Amino acid sequence: MIVNNLFSLENIGIKNAEIHYQLSPDELHQLTLDRGEGTETSTEALAINTGKFSGRSPQDRFIVKDSITENEVWWGDINIPFEPAKFDTLYTKLTNYLSNKEIFVRDAHVCADPNYRLNVRVITETPWENLFCYNMFLRPTAKELAHFTADWTLICAPSFLADPTTDGTRNENFAILNFTRKTIIIGGTAYTGEMKKGIFSALNFILPVFKNALPMHCSANVGEDGETAIFFGLSGTGKTTLSADPNRKLIGDDEHGWTSENTVFNFEGGCYAKVVNLSEENEPDIFRAIKKGALLENIVFKEGTNEVDYTDISITPNTRVSYPINHIDNIQAGSIGTNPKNIFFLTADSFGILPPIARLTPGQAAYHFISGYTAKIAGTEAGINEPQPNFSACFGAPFMPLHPTRYAEMLSKKMKDADVKVWLINTGWTGGPYGTGNRMKLKYTRAMITAALNGQLNDVNYHNHAVFKMAIPESCPEVPSEILNPRNTWEDKNLYDTKAIELAQKFRENFMKFESYANDEILAGAPEV
């Protein structure tokens, strides 16, 4: 291990720090153990606890309102403005706090396509946060590092707390993006996902505004025929699970760009997967990726052992693992694919209303993309005792600085230009809502996606859903035909009809804030009420 005393951060305000630069994963792993900040699991992965925060805090994420962002950002409850002067003051406090301390610095890339690549310098307070960034961002070669100049700087200090009364924050924790200074600062939270999503949020502004490329909260893979498939979906809907297909090469599991040159590229160099109820049988690629170099968050061990109990969510339902993408055997070289031929919108509908697979028209695709629907189940958050609809525009509203219709218009044009088929996949409940019905079997979901990708659903008979109007196939290889129509799986058909209309009404109520921006084709994609 080398402390890089020749490396200076005084130009960004951090003085006399003991800087560990570009440490290897093994060094970061061992340092975490030596400092008593983590535990090694039975598979030699590193397990840490992120403390007070085991998930993102969307209400404490801000964007500096300046000449670059003022007329571009969709300001509101998601994109909360922050004063430039307040940022400058808080930034100085943070860099003073890190001065004279032991810190960890990593230079990395984001965006696998060299034409869109950004250089990011990451400064962290702990070695395991730096390991997370090694896993999740793209790793430069020694030759690239020799000439590295940072485009953006990311500073993360969980132990630094803001003073809301003077600093302009809501709480002691914060994550703030500044597009003029090309800097992200994070404090008061050790949840590593804030770093990943901070960079994602920056790219979601930079790519459409300056690069004419569409950023997407999705996973992507490539078949043997070279055709790309994209999977949109909110957390818990199956993006990572379904894209890690042993018969297809993984491009990436969460964040991608779609360019005007007809390429789809991964933003990242790793995967950040949920591990609740993880098993080798259901998710073999992810299970086997949890080895030396992987970083587990907020898991619980089986009593008296260092073997992880993936069923134990006593700390949080949001148990996670990060690992470099090369921990997955079947990956796409360069993490780049061509124009997709199939796009899947994933939802975990805990009401049991939506079909397990349906084909969407372009208007329906745009409508459902802007809606970004899934449903929370009882017990996942405090105060949720029954299924609750969850709408997140573009399947990633907390990370999208622009108005959702900006992204939807770009997606619609690209889908039409590339003649893409769009499918809705319900990975949620069938036979009734959560508590009555059952979760759709993973093997059936995989079979439906495979059939769509292989063209086996091109010539089957379809009928339209009475309320949501999407086209439901009447047969699918390796899937019982009786589960394809969700109404047939309910014992009380009249109750299904009532609940379908209630859910459709929720869709329409949510979409009211977008109606004035939507064209007739998109509005025609709405469900009937």
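Lys and Arg count as positive and Asp and Glu as negative, with His and the chain ends left out. The mean positions of the 48 positive and 64 negative charges lie 3 Å apart.

The model is predicted: local features need pLDDT of at least 70 and side-chain atom pairs pLDDT 80 or more, while totals for chains, interfaces and linings use all residues. Numbering runs from 1 along each chain as its sequence is written, and side-chain values use heavy atoms, without hydrogens and water.

Next, show the whole protein as a cartoon. There are 13 helices and 28 strands, taken as DSSP runs numbered from the N terminus (helices H or I, at least four residues; strands E, at least two). The radius of gyration is 23 Å, close to the 24 Å of the globule rule for 529 residues, so the protein is as compact as a globular protein of that length. That radius is taken over C-alpha atoms, and the rule is 2.2 Å times the number of residues to the power 0.38. Along its principal axes the C-alpha trace spans about 70 × 55 × 45 Å.

Switch to burial. Of the 529 residues, 58% are buried, meaning under 20% relative accessible area with a 1.4 Å probe, protein chains only.

Now select residues 362-371, helix α9, where nine of 10 residues are buried. Among them are Tyr 367, His 368 and Phe 369. Step on to Gly 372, which follows α9 and has a positive phi, near 60 degrees.

Methods:
Buried means under 20% relative accessible area, exposed over 50%, partly exposed in between (1.4 Å probe, protein chains only). The place of a charge is taken as NZ of Lys, CZ of Arg, CG of Asp or CD of Glu.
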